[in-house]
Amino acid sequence: MSKSKTYRIAPSILSADFARLGEEVSRVEAAGADFIHFDVMDNHYVPNLTIGPMVCKAIRPHVKIPIDVHLMVSPVDALVVDFAKAGADLITFHPEASPHVDRTLQLIRDQGCKAGLVLNPSTPIAHMDWVMDKLDIVLLMSVNPGFGGQSFIASTLAKLAAVRQKIDAHTSAGGQPILLEVDGGIKVDNIAAAAAAGADTFVAGSAVFGAPDADGGYHGVISKFRSALAAA
Ligand code: DX5
Ligand code: ZN
């Protein structure tokens, strides 16, 4: 993999201090984050409940970088419109959560956002087929969705490589670029393996927001991610 490749770090605010979220997102942007990853859970599609469009709207003025909204909700479509109005830049959803995946992808783009699918560890990558031209991003879950702080599932590496091949075949045939994001259990010691397998965008929640101040805090861990990626 070329060292000039662009890699993006997307800290997940799921592990941030929710009592001072505005400060947390601006600190993580100053520390070098490329996206704010915003995990939306509905206690229905996943067994946890988090934050919605009002919180997205509240943090929007605190950062310039894109807000990457990961919808773990069912149904999906009404929230797409609400999040676009609340300042989301990218919106991803799980294909199992929408009865009309093509329509939902188109809806996200019609709202002026980048659109993408999220595939759980056991979800086949064939969900990408027939909607490749409507994808701006594919997010592979490397944990089962619902909670931060879980361990990286190793089979994600082979799956990243398979999705990378599909994306590269699509772009070399003249298709639009598609980001390949990985989410769950990303740490300084495994980010290079995920990059080598084909990921270009890395969600990290507990690794960033749990980084000890003694080790340089958010800036320290993001710098370590970049060094590991440069060596990948
Ligand atoms: C899990 C979420 C992840 C999570 C990542 O459902 O989608 O974004 O916050 O957290 P870590 O990096 O701690 O695994
Ligand atoms: Zn996520």
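Predicted model: local features only at pLDDT ≥ 70, side-chain atom pairs only at ≥ 80, totals over all residues.
Residues are numbered from 1 along each chain as its sequence is written, and chains are lettered from A and ligands numbered from 1 in the order in which they are written. Local features need pLDDT of at least 70, side-chain atom pairs count only at pLDDT 80 or more, and totals for chains, interfaces and linings use all residues, while side-chain values use heavy atoms, with hydrogens and water left out.

Ligand 1 is surrounded by 20 residues, each with a heavy atom within 4 Å of the ligand. Asp39, Gly149, Asp183, Gly205 and Ser206 are the closest. Polar contacts (pairs of N or O atoms within 3.5 Å) were examined next. A polar backbone atom of Gly149 lies 2.8 Å from an oxygen atom of ligand 1. For Asp183, an N or O atom of the side chain is 2.7 Å from a ligand oxygen. A polar backbone atom of Gly205 is 2.8 Å from an oxygen atom of the ligand. Taken alone, ligand 1 exposes 380 Å², and the protein buries 100% of that area (Shrake-Rupley method, 1.4 Å probe).

Secondary structure follows DSSP runs, with helices (H or I) of at least four residues and strands (E) of at least two, numbered from the N terminus. Strands E2 (36-41), E3 (67-72) and E8 (201-204) each give two or more residues to the ligand shell. E2 gives the most, with three residues. By class, the shell has eight nonpolar, 10 polar and two charged residues. In this scheme Ala, Val, Leu, Ile, Met, Phe, Trp, Tyr, Cys and Pro are nonpolar, Asp, Glu, Lys and Arg are charged, and the others, Gly among them, are polar.

A cavity is a set of points where a 1.4 Å probe fits but cannot get out; a pocket is an open set with protein on both sides within 12 Å along at least five of seven lines; lining residues have an atom within 4 Å of a point. Points are joined across faces, edges and corners, and a volume is the space filled by probe spheres set on them.

One cavity of 30 Å³ or more was found. The largest cavity holds about 210 Å³ and is the space taken by ligand 1 (more than half of the ligand atoms lie within 2 Å of its grid points). Its lining comprises 26 residues, with Phe147, Gly148, Gly149, Asp183 and Gly184 nearest its centre. E2, E3, E8 and helix H7 (206-209) each supply at least two lining residues.

The largest pocket holds about 150 Å³. Among its lining residues are Arg8, Lys114 and Asp136. The lining has six nonpolar, no polar and three charged residues.

Two backbone features lie in loops. The peptide bond from Ser74 to Pro75 is cis, with omega near 0°. Pro75 sits in the loop between E3 and helix H3 (77-85). Asn43, although not a glycine, has a positive phi of about 60°. Asn43 belongs to the loop between E2 and helix H2 (53-59).

Definitions and conventions. Polar contact = N/O pair within 3.5 Å; in protein donor to acceptor, adjacent residues only side chain to side chain.
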